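Here are some notes to read alongside the model. Please keep the structure open and find each residue as it comes up.

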Amino acid sequence: MAVRFIASEVAQGLRRNLSMTLAMIITTAVALGMLGAGLLVAMTASASQAKYDYLNEFRVYVDRSISVEDPECAAECAGIREQLEETSGVASVEYKNPQETYSEFVELFASTDPVLVESTSPDALGSRFTLTLSDPTRAEDVAVELADVSGIEVVQGQGELVERVFSVLGGIRNAAFAIAVVQLVATVLLIANMTQIAAFTRRTAVGIMRLVGASRWYTELPFVLEAVIAAITGAVLAVGGLLVAKNVFLDRVLDEAYRANLVERITTSDILLLAPGLVVAGAAASALTAWATLRLTVRH
């Protein structure tokens, strides 16, 4: 009986304040959608960071002739290694023979650019030294010293490019969070306003229920549930919006970055992983806002 009554009150309340309910659903959807977008970008940046451990490293490729003649770095290549180890500012030197270099290349691009892997033969890549710097700020000085070492080609990590990529991702994340905060404030105010209007509209019925012994929680629950249902609907729309944005917009915009293996892909699974959190966050925020509004503004 009690459940049927509360369900009836909730349904009537949502219909009675239909325009306000729709406004709340839309505002909640935008707020949670932007929050979800910010979290996705943060997750992507975090997952992509592991790709760039080499930012403070130099990758030094040995001349092809030396790579072929001395793949185990026992003769001429060993002399090059000794010079690299003696270079000021170099903390450690790691050597990879042509086969190891090719295996690393396949592992890095197999999932993002299989055509490139198929078109690259195992003997296309030579030996490589990876130099870890003791002080990354001295990268330019190290590069000058390495220029005097014969038999190698110095390739510096794509730090500047990657910094720009992560700067853009950071800007998108911050903008999404900023919009989410503004929208969440608007949503809270809208929930509070909707709850007050609903309570005022049904003040006579609520007063009679209180006179016949109904508890305060019993009379307040329908208003709280109205806000929760609207918020959950908005959260579901937010998740749907993120899925649409990913497939229609994001995949196209980041296609080149994906192909270049600069950032991790944002997948449907990532969005679905966030979905429960967005729904719970929306429901909890709306319930707390509606309850606090009733306690602070409604006296009965």
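1. Keep in mind that the model is predicted.

2. The span 271-294 is likewise 100% helix and 0% strand, with 34 Å between its end C-alpha atoms.

3. How many salt bridges does a search of the whole structure find? The search gives four.

4. Arg81 and Glu85 form one, at 3.3 Å from N to O. Both residues belong to helix 4 (residues 76-86) and are four residues apart, about one turn of the helix. Arg81 is partly exposed at 27% relative accessibility, and Glu85 is partly exposed at 45%.

5. Lys246 pairs with Asp251 at 3.0 Å, N to O. Lys246 has a relative accessible area of 8%, so it is buried. Asp251, at 21%, counts as partly exposed.

6. Glu94 and Lys96 make a salt bridge of 3.6 Å, N to O. Is Lys96 buried or exposed? Its relative accessibility is 18%, so Lys96 counts as buried, because the cut-off for buried is under 20%. Glu94 is partly exposed at 41%.

7. On the surface, Asp63, Glu69, Glu76 and Glu153 gather in a patch of negative charge. Glu69 sits in helix 3 (residues 64-69). With 65% relative accessibility, Glu69 counts as exposed.

Conventions: Residues numbered from 1 in each chain as written. Predicted model: local features only at pLDDT ≥ 70, side-chain atom pairs only at ≥ 80, totals over all residues. Heavy atoms only, no water. Patch = residues over 30% accessible without salt bridge, like charges linked within 9 Å, V, L, I, M, F, W, Y side chains within 5 Å. Areas by Shrake-Rupley, 256 points an atom, 1.4 Å probe, with all protein chains shown as cover. Salt bridge = Lys/Arg side-chain N within 4 Å of Asp/Glu carboxyl O. Lys, Arg positive; Asp, Glu negative; His and termini not counted. Charge placed at Lys NZ, Arg CZ, Asp CG, Glu CD. Helix = DSSP H or I, 4+ residues; strand = E, 2+ residues; numbered from the N terminus. Buried < 20%, exposed > 50% of the residue type's maximum accessible area, 1.4 Å probe, protein only.
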